[in-house]
Amino acid sequence: MLEKLFQLSRFGSNARTELLAGVTTYLTMAYIIFVNPSMLADAGMDHGAVFVATCLAAAVGCFIMGFWANLPVALAPGMGLNAFFTYGVVLGMGYSWQTALGAVFLSGCIFILLSLFKIREWAINAIPVTLKKAIAAGIGAFLALIALKNAGIIVAHPATLVSLGNLGDFGPAMAILGFFLIVAFTQRNIHGAVLLAVLLVSVIAVATGHVEYQGIVSAPPSIAPTFMQMNLAEAFDVAMLSVIFAFLFVDLFDTSGTLIAVTQRAGLTKSDGQVPRLKQALLADSTATVTGAMLGTSTTTSYIESAAGVSAGGRTGLTAVVVGVLFLLSIFFAPLAGMIPAYATAGAIFYVSILMLFTLKEVDWEDLTEAAPVAVVLLMTPLTFSIAHGITLGFITYALAKVLGGKARELSVGVWVLSALLLLKVIFVH
């Protein structure tokens, strides 16, 4: 049956290898079941319900990717977009979490349409390569600020806005320990480095009495507090356009980049470099996002951590299915998730932020028309505490820099249109 479903022999694999690959991928990304509920709880959402929604959305995405697209790519609610959901849209812009879920739902629906009607190429090509790199780095900087803030390493200051916290306090010290444990485990190629570090810091917190022991396994919490709670009426507000835009395009670029990277690593790309069954893969991602919004979680996307499973031999969708099964089993570990303190996940978030900054090395810093928009996105995303504002200001800067620098011919029609719309939004919509 497995041979018929996943064509294992065709891809030079077997069930045992795919099982090992699935477990490997799961271990590298399982930290999301602790980090995501913690982040969305800051938006006022029920921690237990978000925990279940996270596991279910990840499982749905993995199953669709595995059975339909037959690719070894796992999905789960994405880092960066969950932070934008909470700290940008809800706490920053003042919208309810129900409205933010509505925006996620609409972005997923648009993503489905882009995939079905083959507008995907235009949408991807409309964003200059430079801005794609800038957005990834900007999100990395945004995550770094959130991690440092949550850990108490950076604190508010009336004169300077921010200042260094007391690193001798338990929370900041444990966050720093968690980060360096991840660095050590990763450099030594220990599988599940992030998850292991989070759990070790949490064990220390329980052992020292800073966190109360609640058990490990229990029946899953109720998903009722978040299920089908999205507010679509308010999500259609014109002021939400930039938010929906941010959810959509960050997911689109992240997914496309992940699919290319993972399939190349697995040797699955076609002779022209294209991702096999790309339409099905993109539909798996967008459908999972829509499903996740209905369940009660932020945007679901493909995870670059899937490369760990590919390195372990994963070549087919069976790898993704194994990851999906493990996410389903995870819903019985809600008490464990409830004991993970914010400082235990802060090190993990900071580690992910570092990974996202690697795109900066590919920027042409000698060309100011390229460097200026990258710098704007990189700095304004964390300083405005909003991915949407970072993208908006980056687009406008890119267009103006090219025009004023005598390189207007490098601007595509898509950039002209999007820049004009975003400029109007900045001027007339607040």
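Let me begin with helix α18 (residues 368-383) and helix α19 (residues 387-404), which pack at an angle of about 165° with their axes 8 Å apart; axes here are lines fitted to C-alpha atoms, for helices over the stretch in contact, and angles run from 0 to 180 degrees between N-to-C directions. That angle makes α18 roughly antiparallel to α19, given that angles under 35 degrees count as roughly parallel, over 145 as roughly antiparallel, 65 to 115 as roughly perpendicular and the rest as oblique. This is a predicted model, in which local features need pLDDT of at least 70 and side-chain atom pairs count only at pLDDT 80 or more, while totals for chains, interfaces and linings use all residues. Residues are numbered from 1 along each chain as its sequence is written, and side-chain values use heavy atoms, with hydrogens and water left out. Helices (H or I, at least four residues) are DSSP runs, numbered from the N terminus.

Staying with this pair, α18 passes α19 in a right-handed crossing, the term for a near helix turned clockwise from the far one by less than a right angle, with anticlockwise being left-handed. On the α18 side, Thr369, Glu370, Ala372, Pro373, Val376, Val377, Met380 and Thr381 meet Ile387, Gly390, Leu393, Gly394, Thr397, Tyr398, Ala401 and Lys402 in α19, where contact means heavy atoms within 4.5 Å. By class, the contact of α18 with α19 has 9 nonpolar, 5 polar and 2 charged residues; Ala, Val, Leu, Ile, Met, Phe, Trp, Tyr, Cys and Pro count as nonpolar, Asp, Glu, Lys and Arg as charged, and the others, Gly among them, as polar.

Now to α5 and α6. Helix α5 (residues 81-90) packs with α6 at an angle of about 125°, their axes being 10 Å apart, and that makes α5 oblique to α6. Phe85, Val89 and Val90 in α5 meet Trp97, Ala100, Leu101 and Val104 in α6, and the residues of this contact divide into 7 nonpolar, no polar and no charged. The crossing of α5 past α6 is right-handed.

As for α6 itself, at 1.5 Å a residue its 20 residues (97-116) should span 28 Å, and the end C-alpha atoms are 29 Å apart, which agrees; the expected span is 1.5 Å times one less than the number of residues. Of those 20 residues, 14 are buried, so α6 is largely enclosed by the rest of the structure, buried meaning under 20% relative accessible area, exposed over 50%, and partly exposed in between (1.4 Å probe, protein chains only). Just after α6, Lys118 takes a positive phi of about 60°.

Which residues does Ile112 touch, not counting residues up to four places away in sequence? Ile112, in helix α6, touches Leu283, Ser286, Thr287 and Val290.

Because 14 of its 18 residues are buried, α13 is largely enclosed by the rest of the structure, and just after α13, Gly296 takes a positive phi of about 120°.

I will finish with α9. The buried residues of α9 include Gly171, Met174, Phe179 and Phe185, and its buried residues pack against α8 (129-151), α10 (193-207) and α17 (342-356).

Conventions: Helix = DSSP H or I, 4+ residues; strand = E, 2+ residues; numbered from the N terminus.
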